[in-house]
Amino acid sequence: MDGGTPRNKGGGDMGDDIELTPEEKMAFDNLPREASPSEFLEERIVRALRKDGTLRGSTDAGRRLRPWVVAVASMAASVVLFGSGLLLGQWMGARNAEQVLLAVREQDEAQVAQRIQEAGSAYVTALVALGKLRAGVAEPSAQAASEIRQGREVALGALYGAVVELARITPGDPHISQLLQILEERKFQETGIVGARKTVWF
Amino acid sequence: MPDTMTDELSDRELADRVVSSGDEAAFRALYRRHTPTAYRFVLRLTGGDAVEAEDLVQETWLRAARGLARFRWTSAFRTWLMGIALNQFRELARRNGRRITAVEGEWEVLGDAAEPGCRIDLERALELLPPGFRTILVLHDVEGFTHREIGERLGISDGTCKSQLHEARKAMRGLLNVGLETA
């Protein structure tokens, strides 16, 4: 092998006693030479190399994600922002402005975990409602079926976006990596079958 | 713009940037240039196991990047990279107790090739072969390694390599004929 250029295809070196037929040689020639691994393999490798100091400095070059990743991540971010915004609005409405400003200043980072918990609870509650909706309709109309499907897609998109973020926060966590991989594989499978996905705008 | 710039650089220029300054963009350009080939190579060696193939590609690039400074450029970068990938595959096979340098005794066709009326193509036949047969066919008939190169890489003699190839081609024909006859 020299620079990836086959030079011995079809056998014949050193007196092989089974030669490939022309058809077999052609079949070997026609095998695809390239395949694409999952989107996040590059990021995993780069993160590991940054961590051990082999790579230094981060440039924007090459860090662009594919459009569907951006779309899903945006959708997930929208869901989380929507949920946390709603909760924040309710919370703020229940307090006067002075107290709110004071609380925001004091809590800030400490509230991150709380917000995640609140958004998570809202997410699960919404899924329970979706489950009830699905279970309560034996034969849903086309519109209901479409809404259920959209809800499921948005839920999966949010889950995927959350796992992507978790993987960024804890790159060495094998369970998160596995989870990401499973969701990624599912995404590829679904993309191949279903085709274009619907986008839900908030 | 930086993408275009790095894309125009040779493997060596990119590698030099990685070694001298840990240039991430240069590494990404190298990665994108060679990963599709490396991934297909290990995907074939693993019999189509995408998870295992990704792990192998990851380990291959980590080792390559960390060892770039020691690469003497006496061969093409891709050749060197594929050599690392093959070593990783051997290591994985060793850890999993899989024999890739010899096939002994009878072996059984599993999966869809055994189904009546099933027609399989060459790619599927490669997946169904035992790891030892598959490895030698991929290296020799797909990638174009010589017996000597294979012997050196796998730590076997030329004679063993030749007899392994002989048996592997017989097995491959058996699979393809079964598939074609029952089609």
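This is a predicted model: local features need pLDDT of at least 70, side-chain atom pairs count only at pLDDT 80 or more; totals for chains, interfaces and linings use all residues.
Residues are numbered from 1 along each chain as its sequence is written, chains are lettered from A and ligands numbered from 1 in the order in which they are written, and side-chain values use heavy atoms, leaving out hydrogens and water.

Let us start with chain A. It has seven helices and zero strands, where helices (H or I, at least four residues) and strands (E, at least two) are DSSP runs numbered from the N terminus. Of the 202 residues in chain A, 30% are buried, meaning under 20% relative accessible area with a 1.4 Å probe, protein chains only. The accessible surface of chain A is about 12,800 Å², and carbon and sulfur atoms account for 59% of that; such areas come from the Shrake-Rupley method with a 1.4 Å probe. Take the contacts (heavy atoms within 4.5 Å) in chain A between residues at least 6 apart in sequence: 61% of them join residues at least 24 apart.

Now to chain B and a pair of helices. Two packed helices are described by the angle between their axes and the distance between the axes. Helix α4 (residues 50–67) of chain B and helix α5 (residues 77–95) of chain B have axes that come within 9 Å and cross at roughly 125°. Axes here are lines fitted to C-alpha atoms over the stretch in contact, with angles from 0 to 180 degrees between N-to-C directions. The two helices are therefore oblique to each other, the class left over once angles under 35 degrees (roughly parallel), over 145 (roughly antiparallel) and 65 to 115 (roughly perpendicular) are set aside. Residues making this contact include B:L56, B:E59 and B:T60 of α4(B), and B:W80, B:I84 and B:A85 of α5(B).

B:A85 deserves a visit of its own. This residue of helix α5 of chain B is buried, with a relative accessible area of 1%. B:A85 touches B:F41, B:V42 and B:T60, leaving aside residues up to four places away in sequence. B:A85 and B:E59 are 26 residues apart in sequence, and their C-alpha atoms are 8.0 Å apart in space.

Finally, look at helix α7 (residues 131–142) of chain B, which is mostly covered, with eleven of its twelve residues buried. Among them are B:F133, B:R134, B:L137 and B:D141. After α7(B) comes B:G144, with a positive phi near 85°.

How values were computed
Buried means under 20% relative accessible area, exposed over 50%, partly exposed in between (1.4 Å probe, protein chains only).
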